[in-house]
Amino acid sequence: MESIQKDGFDFGFNPDACETCPGHCCCGESGKVWVHHVEMSRISAFLQIHLIDFMERYLDRSGNRFSCKERVADDGLECIFFQGAERKCSIYPVRPDGCRTYPFWDHFKTCSDQVVRECPGVQRVGTIQSVRK
Ligand code: SF4
Ligand code: SF4
C-alpha cells in the first residue's frame, strides 16, 4: 500500500507496517485512549454486553471523561483490548476514533519525534517512496 500523507504533518504513514508491528501504539508507555459516549454504545454492542457492565469492566474515569483501562504487561502497560497472544486489537472494527486517526493526531503536527520513534509505519517526508493524500 502507498504511504498516506496529510496536510500539516511532516511525516507519512504506511498501514502495511501494522501487519508485522507488535502493536506499539497499543502497549508500552501509559497513555489515555479516550472513549466518548457514542463509541461506548458501539463497543458494548459489539461485545454484546450491557453499557453499564462495559463501562465498569473496561473503562477508567477521569473527571467527566472515560478511557480504556490498561493492564500490566511484560514491557510496560497495554490497552485492555489488546490481545497479548495475537498482538491484535480485540475491538478493531469499532475501535475509538483516537485509534482510527493515529498517527495523524494534531499533537504530532508540532512534535513528530515521538511518533517517528514509536510507529514503524511512520516515515519523515522526504524519505517516503510513494505518497497517497
Ligand atoms: S505502532 Fe504504527 S505500525 Fe504499529 S500497529 Fe500502531 S499504527 Fe500500526
Ligand atoms: S482500542 Fe484497540 S487499537 Fe485502540 S489502543 Fe486499544 S487495543 Fe489498540
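**Notebook: backbone, sheet, ligand shell and rings**

I located Gln 48 in the loop that runs between α1 (37-47) and α2 (51-58). The model I am reading is a predicted one.

**Entry 1, backbone.** I looked up the phi of Gln 48 and found it positive, about 60°, although the residue is not a glycine. Most residues other than glycine have a negative phi, and most peptide bonds are trans. I then checked exposure: Gln 48 has a relative accessible area of 72% and is exposed. For the peptide bonds, I noted that the one from Tyr 102 to Pro 103 is cis, with omega near 5°. I placed Pro 103 in the loop between α3 (97-101) and α4 (107-110).

**Entry 2, sheet.** I traced an open sheet of three strands, ordered β3-β7-β6, with antiparallel pairing. Because β3 (27-28) and β6 (70-73) each have a single partner strand, they stand at the edges, and one side of each is left without a neighbour in the sheet. I followed the pairing of β3 with β7 (residues 76-79): the two strands run antiparallel and are joined by two bridges. Within this pairing, I found Cys 27 opposite Glu 78 of β7.

Which residues surround ligand 2? I listed Cys 26, Val 33, Cys 79, Phe 81, Phe 82, Cys 89, Ile 91, Pro 96 and Cys 99.

I recorded domain 1 as 1-22 + 102-133 and domain 2 as 26-91. The centres of domain 1 and domain 2, taken over C-alpha atoms, are separated by 24 Å.

How many aromatic pairs does a search of the whole structure find? I recorded nine. One of the pairs I examined joins Phe 9 and Phe 11, edge-to-face, at 5.4 Å centre to centre with 65° between the planes. I found both Phe 9 and Phe 11 buried. I also examined Tyr 102 and Phe 108: their ring centres are 6.3 Å apart and their planes lie at 85°, so this pair too is edge-to-face. Tyr 102 and Phe 108 are both buried.

I noted Lys 6 over the face of Phe 104, at 5.6 Å from the ring centre. I also noted the charged end of Arg 65 over the ring of Trp 34, 3.8 Å from its centre.

Key:
Residues are numbered from 1 along each chain as its sequence is written. Chains are lettered from A and ligands numbered from 1 in the order in which they are written. This is a predicted model: local features need pLDDT of at least 70, side-chain atom pairs count only at pLDDT 80 or more; totals for chains, interfaces and linings use all residues. Side-chain values use heavy atoms; hydrogens and water are left out. Two strands pair if DSSP finds at least two bridges between them. Helices (H or I, at least four residues) and strands (E, at least two) are DSSP runs, numbered from the N terminus. Buried means under 20% relative accessible area, exposed over 50%, partly exposed in between (1.4 Å probe, protein chains only). A residue is near a molecule or strand if one of its heavy atoms lies within 4 Å of it. Domain bounds come from an automatic or database domain assignment. Rings of Phe, Tyr and Trp (its six-membered ring) pair if their centres lie within 6.5 Å; planes under 30 degrees apart count as stacked, over 60 as edge-to-face and the rest as tilted. A charge sits over a ring if NZ of Lys or CZ of Arg is within 6 Å of the ring centre and within 35 degrees of the ring normal.
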